[in-house]
Amino acid sequence: MTGQPKSVRPHGCTAQRGGQGVRRSRMGPGTQGFACGLAAPRWLAPLLLDLALGPGARGQSPSPAEPQVRFRVVDVFVDSVNRPLAAYQLVFEAHGSDVKIVGVEGGESDAFREPPHHDPRAIQKERVILAAFHTGASLALPKGRTRVATIHVQVQGATEPDYEVRLVTAATVKARKIQATVHAEERKTP
Amino acid sequence: MNQSTIQATCKTSSLARLRCRVGTLLRFSAAPSVMLLTLLALGFLAGCVSYRSAKGVSTISARLGSQRAAEPGALPSLDEELWVIARSEGIEAVREPESPGSGALLGKEAEGKEIPLPLKRTAVKAAVNGNLATVAVTQQFENPFGHKIEAVYVFPLPHNAAVSDFVLTIGDRRIRGLIRERAEAERIYKEARQQGYVAALLTQERPNVFTQSVANLEPGQPIDVILTYYHTLAYDDGWYEWVFPLVVGPRFNPPSSTDGVGAVAQGQPGASGQRTEVPYLRPGERSGHNLDLEIDLVPGVSLEETVCRSHAVEVERPDPGHWTVKLKPADTLPNRDFVLRYRVAGERIKANLIAFQEDQGGFLTLMVYPPKELERLTRQPLEVVFVLDCSGSMRGWPITQAKGAVRRWLTQLQPDDTFQLIQFSATASALGPTPLPANPDNVRRGLDYLHGLEGEGGTRMIEGLRAALDFPHDPARLRFVCFLTDGYIGNEAEILGELQRRLGQSRVFSVGIGSSVNRYLIEHLAKLGNGAVAYLGPHDSVTDVIDRFHTRLSHPVMTDLVVDWAGAKVTDVFPRRIPDLFVGRPVILTGRFTGPPPHRAQVRGRIGARTLEFHVPGRTVLAPGNRSLPSVWARLKMADLMDAAVLGTGAEALADEIKALALEFNLLSPYTAFVAVDASRQTSAGDPVTVPVAVPIPEGVEYEMTVPQHTQGEKTPEPAGPHP
């Protein structure tokens with residue numbers, strides 16, 4: 001069947017970057033071989049990957065049977081550890097391929113079921129700034145790792161895109177900042 | 001970020017507290033653009049609208065569920081520059097004797113053959129605060145066939161609707177669509193459709209005609225598409241009006257046109273040769289499409305009276321200051337506009353200046369009422385040219401109402417006025433070559449000419465328009481060209497372009513006649529013609545409407561208005577040409593500014609040879625979370641650019657400008673579209689069969705006279721029979 005990914009790619013890991021309390025997660029062929037927190041130079045990644053798996057493992061191309069234009073689903077998770085998550089704001093971007101965001105879906109928890117709002121100006125550059133909040137009782141709010149949004153994308157071109165997600169902030173219902181992490185994961189579709 | 005931007009809104013609820021605290025938190029952690037988005041999202045979601053006055057006194061109000069009103073008239077109507085003389089009371093819902101207030105149309109609906117169609121239900125939920133309405137429209141699709149389909153539904157919305165949200169709902173999953181350049185959105189949708197993904201596309205064909213496409217609907221699978229728009233309500237002499245149009249009327253397109261909106265019989269797609277087609281159910285056919293409609297009304301001041309003559313409704317008052325209006329279950333046939341009018345306390349709302357400020361400037365709106373002096377003076381002589389639509393769609397009661405309006409008007413003219421009568425259908429003709437003095441003999445001649453007019457043939461409105469505007473003009477008289485039409489044409493741009501080119505010193509007064517007229521055309525004729533509009537339904541009193549107009553015209557008009565913004569740098573004010581000030585009619589201007597907002601405005605104009613000046617004091621500043629004013633301004637600017645584009649000069653550059661505005665403000669436009677794709681699952685292989693959603697003919701319109709009939713051989717095969 002067309003439009004389905006031919007391979008399952010491991011999801012990205014979370015790494016501290018920027019030194020200003022901003023947490024990022026990158027996921028994609030360029031970084032997937034690295035462990036969390038390693039500050040390896042970007043140029044080293046493709047080289048090591050080629051050495052380990054051969055050149056074909058990098059920049060995964062769609063199989064001949066797969067259309068050049070294809071659709072993908074990327075889940076975005078926030079891990080608030082043991083704190084109830086009431087609000088978040090994050091930035092999602094796609095690199096390395098012609099990617100169009102074609103839908104923004106809500107999360108798995110009832111608190112974030114509604115699709116989050118986004119900035120229309122940013123989305124024209126395939127960069128989505130998402131923000132959502134919930135004011136219900138703490139019991140209804142998710143703790144730990146939870147899918148807060150799903151991004152539906154259209155991908156065009158020979159290479160698979162590289163997704164980046166950056167958490168701007170996360171907060172409790174009392175507006176206390178949470179030391180949360182975020183990452184994006186391309187969903188394996190049947 | 002200025003701390004004061006959010007502190008005023010946070011008072012009591014946990015929602016407000018969270019909004020406040022998250023906002024505080026973000027002040028230290030995010031870039032300005034990000035914070036802006038958050039405030040936007042939080043403001044919208046929290047439903048809080050707060051106002052910070054120039055004196056620093058803050059008030060808080062909430063919307064949707066816990067809404068509290070803005071001051072009526074606090075925000076401009078998108079058609080605020082338009083003078084609305086009379087609004088149609090519509091077709092009165094027939095009452096069942098045993099159930100007062102309920103409609104008897106159910107019996108009609110239950111008759112006839114049901115045509116299986118994929119649109120099951122439209123649910124409308126409107127929240128009206130002051131003069132600002134937020135409307136969520138849920139279109140529920142369900143495939144009644146045995147294989148997957150693509151549903152295509154052409155439907156109307158108010159022409160001043162700013163469509164700003166689009167959500168595809170599949171089961172309990174909700175996917176928000178994105179605004180894209182139209183061609184790009186169409187490419188994405190087409191690709192998703194071909195690959196078997198469920199997708200939805202919303203495009204704008206005319207300012208008041210839209211197409212909803214839903215691809216890969218599987219048998220029996222329900223899918224909802226929810227679109228949200230807001231608009232402002234027009235206000236006139238104490239009355240607000242909220243309208244929800246329910247069906248696109250069948251339109252006449254000139255023979256060479258292919259870009260119009262064509263009328264076809266159900267099951268005959270492509271027969272009109274137009275880019276957009278509306279399929280109509282034949283007499284005796286019905287669809288299973290039902291309507292739910294509910295309005296949450298918080299007028300902000302005491303509501304004295306509600307009137308809904310188009311449909312049977314239930315009105316309740318759950319809380320002081322809060323009313324709900326619900327459509328009765330027996331009156332759900334979507335074949336005419338829903339029109340709710342309500343009267344609020346006080347004869348008129350106050351003139352005021354409202355601003356919304358951002359870092360680099362902001363947006364403002366100014367409402368101007370005419371000075372009292374106007375009411376003490378008598379009017380100048382008139383020159384009136386009546387232009388009657390005598391096409392086939394006007395046959396029956398519409399032409400009777402139109403003739404009645406002209407008859408009443410003729411008998412109200414004064415001896416120093418002049419008049420002329422022009423009729424158009426396939427061609428145009430006139431009573432005479434020059435305006436006639438309104439003496440008793442000439443009025444009698446006019447009435448005789450009027451008596452012989454009937455409705456038949458095409459709608460070559462452009463012929464009537466040229467004939468009327470090219471008539472010689474006497475500069476000593478104030479000239480009115482009065483169009484009486486249902487507006488069922490597909491070449492609006494050509495008509496409006498011609499109007500702008502030939503207008504000269506004329507003012508255009510347009511009368512929309514029918515239960516579901518082309519309001520975009522009717523109102524734009526008046527708007528571009530610097531005149532006024534009125535609506536006449538089958539049960540409206542011609543006498544009332546025309547007499548009201550004459551009452552207003554019995555006073556002079558204040559012309560050549562200029563506004564001094566007290567030193568503030570104000571630009572991009574709409575409407576560009578400030579309308580004349582008539583007694584009882586406000587003018588509302590909307591613009592943007594850089595630097596600090598103006599504290600007051602000085603208005604100067606002429607009454608004949610005399611110059612008159614007055615000022616609008618005070619200023620209200622909207623809270624940062626309330627971004628309705630920027631969107632209102634963007635919608636006005638887009639409409640202004642569209643008006644310029646119909647003249648055909650620099651159309652490409654104007655289109656680029658409209659597109660950029662629409663993308664920046666997240667608005668649907670002719671050059672942008674909403675698209676949503678569910679990429680999580682593919683349906684079975686194979687292209688879906690396209691099923692256009694047929695609609696009932698508007699009530700009062702004759703099917704045989706308006707929907708072209710084609711032979712059986714031209715009929716396009718329908719998909720296989722209904723899903724068992």
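Two strands count as paired if DSSP finds at least two bridges between them. Helices and strands are DSSP runs numbered from the N terminus; a helix (H or I) has at least four residues and a strand (E) at least two. This is a predicted model, in which local features need pLDDT of at least 70 and side-chain atom pairs count only at pLDDT 80 or more, while totals for chains, interfaces and linings use all residues. Residues are numbered from 1 along each chain as its sequence is written, and chains are lettered from A and ligands numbered from 1 in the order in which they are written.

- β16(B) and β17(B) run antiparallel and are joined by three bridges.
- In this pair, D236(B) lies opposite W239(B) of β17(B).
- Strand β17 (residues 239-244) of chain B is also antiparallel to strand β25 (residues 338-344) of chain B, with six bridges between them.
- V243(B) has V339(B) in β25(B) as its bridge partner, and W242(B) has L340(B) in β25(B).
- In general, the strands of a sheet pair through backbone hydrogen bonds, either parallel or antiparallel.

**The three-stranded sheet of chain B**

- Another open sheet has three strands in the order β35-β38-β39 (chain B), and its pairing is antiparallel.
- Its edge strands are β35 (559-564) and β39 (610-616) of chain B, each of which pairs on one side only.
- On average, neighbouring strands of this sheet are turned by 20° against each other, direction ignored.
- Strand β38 (residues 601-607) of chain B and β39(B) run antiparallel, joined by seven bridges.
- Across this pair, R604(B) stands opposite E613(B) of β39(B).

**A helix pair in chain B**

- Helix α6 (residues 397-412) of chain B and helix α7 (residues 440-451) of chain B have axes that come within 10 Å and cross at roughly 175°.
- This crossing makes α6(B) roughly antiparallel to α7(B).
- Axes are lines fitted to C-alpha atoms, for helices over the stretch in contact, and angles run from 0 to 180 degrees between N-to-C directions.
- Angles under 35 degrees count as roughly parallel, over 145 as roughly antiparallel, 65 to 115 as roughly perpendicular and the rest as oblique.
- On the α6(B) side, K403(B), V406(B), R407(B), L410(B) and T411(B) meet V443(B), G446(B), L447(B) and L450(B) of α7(B).
- The residues of this contact are five nonpolar, two polar and two charged.
- Nonpolar means Ala, Val, Leu, Ile, Met, Phe, Trp, Tyr, Cys and Pro; charged means Asp, Glu, Lys and Arg; the others, Gly among them, are polar.

**Strand β5 of chain A**

- Strand β5 (residues 98-105) of chain A has seven of its eight residues buried.
- A residue is buried if 20 or more other C-beta atoms, placed from the backbone, lie within 10 Å of its own, exposed if 12 or fewer do, and partly exposed in between.
- β5(A) runs antiparallel to strand β8 (residues 145-156) of chain A, and seven bridges join them.
- Here I101(A) is opposite V153(A) of β8(A).
- β5(A) also pairs with strand β11 (residues 173-176) of chain B, in the antiparallel sense, over two bridges.
- V104(A) has R176(B) in β11(B) as its bridge partner.

- Chain A has two helices and 10 strands, whereas chain B has 14 helices and 42 strands.
- From the N terminus on, the elements of chain A follow the order β-β-α-β-β-β-β-α-β-β-β-β.
- Of the 190 residues in chain A, 47% are buried; of the 724 residues of chain B, 56% are.
- Two residues are in contact if their C-beta atoms, placed from the backbone, lie within 7 Å.
- In chain A, 73% of the contacts between residues at least 6 apart in sequence join residues at least 24 apart.
- In chain B, residues 24 or more positions apart account for 76% of the contacts with a separation of 6 or more.

**Confidence in chain A**

- Chain A has a mean pLDDT of 71, and 62% of its residues reach 70 or more.
- The pLDDT is below 50 over residues 1-61 of chain A, a stretch with 96 contacts in the model beyond near neighbours in sequence.
- pLDDT is the predictor's confidence in each residue, from 0 to 100.
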